[in-house]
Amino acid sequence: MRIVVAKDYDQMSRMAAIVVASRVILQPDCVLGLATGQTPLGLYRNLVEFYRHGDLDFSRVTTFNLDEYVGLAPDHPCSYHRYMEDNLFSHVNIPRENCHIPRGDAEDLEEECRRYEEAICAAGGVDLQILGLGVDGHIGFNEPDVKFEGSTHVVRLAQSTLEANSRFFPSPEQMPRFAISMGIKTIMRARRVLLLASGEEKARAVRGAVLGEVTPDLPASILQLHPNATIIVDEKAASLIR
Ligand code: F6R
């Protein structure tokens with residue numbers, strides 16, 4: 001596991017954008033695994049900037065997002081479909097048919113999980129998976145558990161995740177309690193993984209991910225076993241590993 005400590009959020013975002021941009025330049029038809037939330041916003045801003053300068057071409061890139069809230073249609077203002085549209089897809093030349101996000105409003109959620117997992121395999125797997133980190137150590141929405149959940153699945157969100165993410169909804173009651181998430185096996189199969197974390201509130205999870213035992217109790221710790229994982233954290237998130 002490579003650990004890079006950036007000065008602050010902005011530097012972390014620029015470094016992450018350089019890593020992602022390099023992949024797109026070197027492998028124009030690459031498959032990117034994408035995350036949502038607060039953390040990758042700066043990364044996406046930088047990628048849009050590179051694109052506007054004519055340095056990046058997304059026309060052959062394929063993307064698979066990590067997760068989506070159960071019950072939210074793609075046009076729901078708090079859906080991850082909408083987030084991706086607003087923060088990346090509508091600003092670059094990526095063909096929409098290449099962009100994949102689980103359907104949280106699918107009638108048959110189990111079938112949707114199967115379909116999603118198969119679509120990732122059919123695309124040849126993920127070349128570079130971007131990950132954020134939950135305060136409880138979750139990656140994707142793989143919450144602390146007694147076992148690692150393998151493939152794309154429906155997950156009940158942990159209390160700490162509900163508390164952390166309800167601020168993005170008009171009221172806490174409107175936040176869905178369940179999500180569809182890529183599983184740990186799906187994430188671990190990616191050829192490269194790039195985990196980002198910023199801020200003091202992530203310091204404990206970063207420490208567990210990097211120095212703790214590998215345990216489903218802190219899902220990100222599994223990345224210690226990934227052959228090509230890079231973590232870029234800012235100084236505050238790195239405060240307990242230095
Ligand atoms: C989002 C995702 C989550 C977030 C994590 C951190 O697609 O899979 O694991 O990365 O909850 O969220 P932020 O970045 O908002 O702190």
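Two residues are in contact here when they have heavy atoms within 4.5 Å of each other. This is a predicted model, in which local features need pLDDT of at least 70, side-chain atom pairs count only at pLDDT 80 or more, and totals for chains, interfaces and linings use all residues. Residues are numbered from 1 along each chain as its sequence is written, and side-chain values use heavy atoms, with hydrogens and water left out.

**Stop 1: Thr 215**

Select Thr 215, together with Phe 148 and Ser 221: Thr 215 touches both, not counting residues up to four places away in sequence. You are in the loop between helix H7 (203-211) and strand E10 (229-234); helices (H or I, at least four residues) and strands (E, at least two) are DSSP runs, numbered from the N terminus. Thr 215 has 16% relative accessibility and counts as buried (buried is under 20% relative accessible area, exposed over 50%, partly exposed in between, with a 1.4 Å probe and protein chains only).

**Stop 2: the cysteines**

How many disulfides does a search of the whole structure find? It finds zero, a disulfide being a pair of cysteine sulfur atoms within 2.5 Å. For Cys 113, the nearest is the sulfur of Cys 121, at 14 Å. Cys 99 is buried at 16%, and Cys 113 is buried at 3%.

**Stop 3: salt bridges**

The structure holds six salt bridges, each a side-chain nitrogen of Lys or Arg within 4 Å of a carboxyl oxygen of Asp or Glu. Three of them are worth a click.

- Arg 115 and Glu 112 meet at 2.7 Å, N to O. Both sit in helix H4 (residues 109-122), three residues apart, about one turn of the helix. Arg 115 is partly exposed at 37%, whereas Glu 112 is buried at 6%.
- Glu 117 and Arg 189 meet at 2.6 Å, N to O. This pair links distant parts of the chain, 72 residues apart: Glu 117 is in helix H4, and Arg 189 is in the loop between helix H6 (184-188) and strand E9 (193-197). Glu 117 is buried at 9%; Arg 189 is partly exposed at 47%.
- Arg 191 bridges to Asp 127, with the closest N and O atoms 2.7 Å apart. Arg 191 lies in the loop between H6 and E9 and Asp 127 in the loop between H4 and strand E6 (128-131), so the pair ties together parts 64 residues apart in sequence.
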